[in-house]
Every structure is written in C-alpha cells, then in structure tokens.
Amino acid sequence: MNQKANYKVLIVDDELPALTNMQYVLANHPQWQLVASCHSTAQARAILNTETVDLLLLDIEMPTQSGIDFARELCRTPNPPLIVFITAYNKHAVTAFEVFALDYLLKPYDDERFAAMLARAENSLQLKQQLAQGGALQDFLREHDAEQTGAEKPLLTHVIVRSMGRIERIDVREIVWLSTAANYIEIHLHNRVVLHRTTLSSMEERLDPEQFIRVHRTAIVCLSSIRSLEIGADGIYFAKLINGDEARISESYLKAVKARFAG
C-alpha cells in the first residue's frame with residue numbers, strides 16, 4: 001500500500017533532464033506530492049499564487065530571474081515554503097545557507113542524498129519550524145535592506161543568527177555576554193554558545209547601553225548577568241557571570257564597569 005501524500009513539493013529548473021530526474025527520484029517518496037514542475041520562476045510564481053506548497057526544489061542559475069532572487073522574494077511573504085537549492089554550481093552555497101536555504105544539493109546527487117534532504121524537510125515541517133523560520137527570514141531581510149539603504153537601525157530586541165540550513169531568533173534578554181572568535185562572535189547564553197558572523201563593535205552599536213557594557217576589546221557583558229567583580233592572582237580584574245563564565249576586564253574599561261556595577 002502506498003503511503004498517503006502529506007506534503008506538497010514544487011520543482012523549478014530550466015533544464016528538462018534535471019526536472020525529469022527529480023520527478024523520477026521523488027516518485028520513490030510517496031509522502032511527497034508533486035504539485036508541478038516548472039521551467040521558470042514566472043511559472044512557479046503563478047502556481048504559488050493558487051497553491052500552498054511545503055517544499056520548493058529550486059535551481060539557481062536560470063534565465064530572467066535567479067533562484068537566489070526568487071527565494072529572497074518568496075521569503076518576504078508571510079509563510080514561505082521550505083527552500084532547497086539543487087544546482088550544478090557550488091559557488092552559491094555560502095549565500096544560500098547564510099540567507100535562507102534548508103539544504104543545498106549539488107548535481108549530480110545520489111538517491112541517498114536526496115532522501116536525506118527530504119527527511120530533513122519532513123522533520124522541519126512536522127515541527128512547524130518553517131513558521132518560525134519565515135519570521136526570522138523576514139527579520140533578516142529587513143536588517144539587510146536597512147544596511148543597503150543606510151537607514152538607522154533600532155536597538156536590538158533579538159539577534160538573527162544564520163547557520164547551515166537554519167535561521168534562529170535569539171532574544172537579547174537571553175544573552176549573558178559576547179566575545180570575539182576569529183571572524184565571528186560567540187553569543188554566550190545560559191546553557192550554550194552560538195556563533196554569529198558579525199563584529200563585536202557592530203553589536204555594541206545595536207545593544208542597549210543601559211543593559212550591556214564593554215569590558216574588554218574582546219568582550220561585552222550584560223550588566224544584570226554580573227555576579228561579582230574579582231581580582232585574579234595576576235592582578236587582573238574579571239567579571240564572574242551567572243552562567244559560571246568569567247569575562248576579563250581590561251584596565252581601560254575597569255572604572256566604567258565598577259561604576260555601573262556599583263550603581
């Protein structure tokens with residue numbers, strides 16, 4: 001007995017052999033219903049105007065409009081489908097993952113890799129992650145547009161963190177402290193650390209100065225997370241934090257930190 005189709009998928013690729021191959025492989029997964037196969041984003045847009053789709057399998061390099069641009073357009077809508085890029089070129093992987101892709105398959109792919117992608121998409125849909133992800137995507141795109149236009153940005157209430165196939169919204173109130181880590185910063189929460197590709201200075205500009213204070217060129221601390229200020233055996237001050245971490249305080253910031261902590 002065939003498994004009932006639970007999810008709808010739309011394929012967009014300008015090459016007929018690629019479309020045919022995806023249709024063939026998808027037929028082995030009866031829980032996925034193929035809504036349509038399109039040769040262009042224009043065709044896909046028309047279908048999405050009338051059909052609700054759970055998963056979009058999308059080529060990148062296509063005439064008229066690229067898959068990246070089409071995905072960006074879709075992610076501005078209230079409830080975008082999960083997006084998986086399937087392409088012959090790996091040069092777009094960083095952009096795809098940092099912005100919105102759930103997955104990124106390189107042609108030619110094998111049946112096992114395709115099945116793993118569908119399993120990941122199915123899990124995301126079951127957990128309704130696409131809803132939260134859609135909101136985070138819109139937040140990210142608003143941030144990106146503000147950067148491009150030079151518009152003034154408000155203080156952060158949450159941080160949009162992008163990683164492989166996932167976009168996460170972190171409430172600023174969860175942040176204990178932040179530190180530098182090569183080309184990233186580490187966002188230290190109560191029970192985990194999240195990497196975010198930005199600079200400490202850019203974060204300092206967006207964090208509420210009433211809540212956060214720079215303690216070192218490599219660290220910013222939430223004032224309410226400081227349990228005590230202590231002096232190490234080497235005479236260097238550090239802040240003991242509520243999650244058990246210790247953040248070093250440099251001499252240039254020590255007076256301000258003491259005043260804020262005592263106040």
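Author: A definition to begin with: two strands pair if DSSP finds at least two bridges between them. Keep in mind that this is a predicted model.

Reader: OK. How many bridges join E14 to E15?
Author: Three bridges join strand E14, residues 237–241, to E15. The two strands run antiparallel.

Reader: Which residue stands opposite Phe-238 in E15?
Author: Arg-248 in E15 stands opposite Phe-238.

Reader: What is the order of the strands in that sheet?
Author: The order is E13-E14-E15, three strands in an open sheet with antiparallel pairing. Strand E13 (226–231) and strand E15 (246–248) are the edge strands, and each pairs on one side only. From one strand to the next, the twist averages 25 degrees.

Reader: And which strands does H8 lie across?
Author: Helix H8, residues 251–262, lies across E13 and E14. The helix runs at about 140 degrees to E13.

Reader: New topic. Where is the cis peptide bond?
Author: The cis bond joins Lys-107 and Pro-108, with omega at about -5 degrees. Pro-108 is in the loop between strand E5 (103–106) and helix H5 (111–126).

Reader: What about Thr-64, what is its phi?
Author: Thr-64 is not a glycine, yet its phi is positive, about 75 degrees. Thr-64 sits in the loop between strand E3 (55–58) and helix H3 (67–74).

Reader: Is Thr-64 buried or exposed, and why?
Author: Thr-64 counts as exposed because its relative accessibility is 88%, and the cut-off for exposed is over 50%.

Technical notes: Residues numbered from 1 in each chain as written. Predicted model: local features only at pLDDT ≥ 70, side-chain atom pairs only at ≥ 80, totals over all residues. Heavy atoms only, no water. Helix = DSSP H or I, 4+ residues; strand = E, 2+ residues; numbered from the N terminus. Axes fitted to C-alpha atoms, helices over the stretch in contact; angles between N-to-C directions. Contact = heavy atoms within 4.5 Å. Buried < 20%, exposed > 50% of the residue type's maximum accessible area, 1.4 Å probe, protein only.
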